[in-house]
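Hi,

Here is the structure I promised to pass on. Please have a look, and then read on for my notes.

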2 protein chains.
Amino acid sequence: MTADPLFSVNQMTVKQLSLPELVEACRASGVRHVGTWRAPVREYGVEAAAQLLRDAGLNVTTHCRGGFLTALDTDERAAAIDDNKRAVDEAVTLGTDVLVLVSGGLPAGSYDLAGARERIGEALVELAPYAGERGVRLAVEPLHPMYAADRCVVSTLAQALDLAERFPAEQVGVCVDTYHIWWDDRAPEQIARAGASGRIATFQLADWTTPLPEGVLNGRGQLGDGAIDLRYWRALVEAQGYAGPIEVELFNDGLWARDGREVLAETVRRFAEHAG
Amino acid sequence: MTADPLFSVNQMTVKQLSLPELVEACRASGVRHVGTWRAPVREYGVEAAAQLLRDAGLNVTTHCRGGFLTALDTDERAAAIDDNKRAVDEAVTLGTDVLVLVSGGLPAGSYDLAGARERIGEALVELAPYAGERGVRLAVEPLHPMYAADRCVVSTLAQALDLAERFPAEQVGVCVDTYHIWWDDRAPEQIARAGASGRIATFQLADWTTPLPEGVLNGRGQLGDGAIDLRYWRALVEAQGYAGPIEVELFNDGLWARDGREVLAETVRRFAEHAG
């Protein structure tokens, strides 16, 4: 089975594969797009990774992930901004125009979600033009509210758009990921809002399965295994004019324990069955 | 230390204690209010439990929990409504005027969150007057969005109020529980809405700690251990005129593994330190 022309695999979905193995698995499954992840790309070498992917004819849909911009400490904040600039530079090297941002959680001992969100906005004042000048758009990703304390104080598309809309659309958009927003009855209207202001920078799929694992990080469900009507969300996003690749990003201990090529082939099939 | 006069302990916080042990622990800690849980009360005998609590001078703040009203199958729906009527009857026997409802998750194979919420509304058409005629108010509890698939399709105070406001305020209100709503930037305005329409039936406290445990049910944090500004939420609720007891409801494997009397005494102290 050859992958849907819009199917993109985020590198984390098959993190058991090295970059050359990923390239080979994409060739075998007819996958044309990948989303990259910072740590393995840096480990392989950013230039070398870019070359490898380019030579294979693979398009990089997003680079994941910058962010973690909520520190209260001045030095930590400066370091985070520097690190995000490096992430933008990596995106340029990889040839993608989207850097996904996971904004960061509450600093230890803080109760102030609104203040933390405001610090993200302040960091974007410096990062947004830096990215825009290099042809990269920052995609603020709302994460499910279960991550609000420790990973991302931006919990809804509405909050992500409140941040993004302070900046030009070519500098800051949002990441729409079904796993994080499927529960939210306001998400459809916020997708329309994002479409109207040209803010849908990327669209990602994962399914919601229960029980959640300890730590709730690595339980994103294979497409079709869970509670999310993937076609419904795809139709909402595409109705707003989004016509780009659709990235499947699964963090799943069960999938990681299997043969990565087999997981990629399965994911290609599931995409066709449940989101095609 | 004698408990704050408004402190109420939900029976699940110290579920390792039998009902007589709970009564004795409340006496030792000067606790005047308890929230009861259906299974242990029924096991002990509802009449006997009511007598025991009454003789000890303990006020029952809520009975937990009815609900699970989202089934598609007609027989299952009828059985759920019957079971909820029994829960109302138990509340009457226990002398409490609040029955908390955990509404139920998605039926297997369904993607339809809105439809499931609508079935809750349909069930309340029968249950609300049944409860109201018996002096019991149903408290629709929004559960954290991480429970939307498998436990409760009502994920926000706004959704809970949309359901409650279809009925007279003396029949249906909402349960405000910090654990479930603390992440929601719309919750403060919804608490004001609930106050304005007289819908705050009960107010519960638990703190948000990470990492979440597998299944995410039994990781509610002891007061002061987590990310929630409990005093802030108490002030919001009390600004709306709520002056009733405040129930501490912790599902926590770590607390359950300890001596229940000690946990109750600690919870009394933590309430004073973090929510008093």
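How close do the axes of helix H8 (residues 187–196) of chain B and helix H9 (residues 230–239) of chain B come, and at what angle do they cross? They come within 9 Å and cross at roughly 30°. H8(B) and H9(B) are therefore roughly parallel to each other; angles under 35 degrees count as roughly parallel, over 145 as roughly antiparallel, 65 to 115 as roughly perpendicular and the rest as oblique. Axes here are lines fitted to C-alpha atoms, for helices over the stretch in contact, with angles running from 0 to 180 degrees between N-to-C directions. Helices (H or I, at least four residues) and strands (E, at least two) are DSSP runs, numbered from the N terminus.

Before going further, the ground rules. This is a predicted model, in which local features need pLDDT of at least 70 and side-chain atom pairs count only at pLDDT 80 or more, while totals for chains, interfaces and linings use all residues. Residues are numbered from 1 along each chain as its sequence is written, chains are lettered from A and ligands numbered from 1 in the order in which they are written, and side-chain values use heavy atoms, leaving out hydrogens and water.

On the H8(B) side, the contact (heavy atoms within 4.5 Å) is made by B:Ala187, B:Pro188 and B:Ile191, and on the H9(B) side by B:Tyr232, B:Trp233, B:Leu236 and B:Val237. These residues divide into 7 nonpolar, no polar and no charged. In that scheme Ala, Val, Leu, Ile, Met, Phe, Trp, Tyr, Cys and Pro are nonpolar, Asp, Glu, Lys and Arg are charged, and the others, Gly among them, are polar.

The term means a side-chain nitrogen of Lys or Arg within 4 Å of a carboxyl oxygen of Asp or Glu. Being 4 residues apart in H9, B:Glu238 and B:Arg234 are separated by about one helical turn. B:Arg234 is buried at 10% relative accessible area, whereas B:Glu238 is partly exposed at 29%. Buried means under 20% relative accessible area, exposed over 50%, and partly exposed in between (1.4 Å probe, protein chains only).

How many salt bridges are there over all chains? The count comes to 40. Two others are worth a look:

- B:Glu90 and B:Arg42 meet with an N to O distance of 2.6 Å. B:Glu90 lies in helix H4 (residues 74–94) of chain B and B:Arg42 in helix H2 (residues 38–44) of chain B, so the pair ties together parts that are 48 residues apart in sequence. B:Glu90 is buried at 6% relative accessibility, while B:Arg42 is partly exposed at 41%.
- A:Lys85 pairs with A:Glu126, the closest N and O atoms being 2.8 Å apart. The pair links distant parts of the chain, with A:Lys85 in helix H4 (residues 74–94) of chain A and A:Glu126 in helix H5 (residues 113–133) of chain A, 41 residues apart. A:Glu126 is partly exposed, at 39% relative accessible area.

In chain A there is also a network of salt bridges, which links A:Arg38, A:Arg42, A:Asp83, A:Arg86 and A:Glu90.

Now for the backbone. A cis peptide bond joins A:Cys64 and A:Arg65, with omega about -5°, and A:Arg65 lies in strand E3 (residues 59–67) of chain A. Another cis peptide bond joins A:Thr210 and A:Pro211, with omega about 0°; A:Pro211 lies in the loop between strand E8 (207–208) and strand E9 (220–221) of chain A.

In chain B, which residues other than glycine have a positive phi? B:Phe68 is one of them, with phi near 55°, and B:Val216 is another, at about 50°. B:Phe68 sits in the loop between strand E3 (59–67) and H4 of chain B and is partly exposed, with a relative accessible area of 34%. B:Val216 is in the loop between strand E8 (207–208) and strand E9 (220–221) of chain B, and is buried at 2%.

Finally, the annotation. UniProt places "domain: Xylose isomerase-like TIM barrel" (unreviewed entry) at residues 24–266 of chain A; such annotations may be inferred rather than shown by experiment, the positions follow the numbering used here and feature names are shortened. Over that stretch the chain is 44% helix and 17% strand, with the end C-alpha atoms 15 Å apart.

Best wishes
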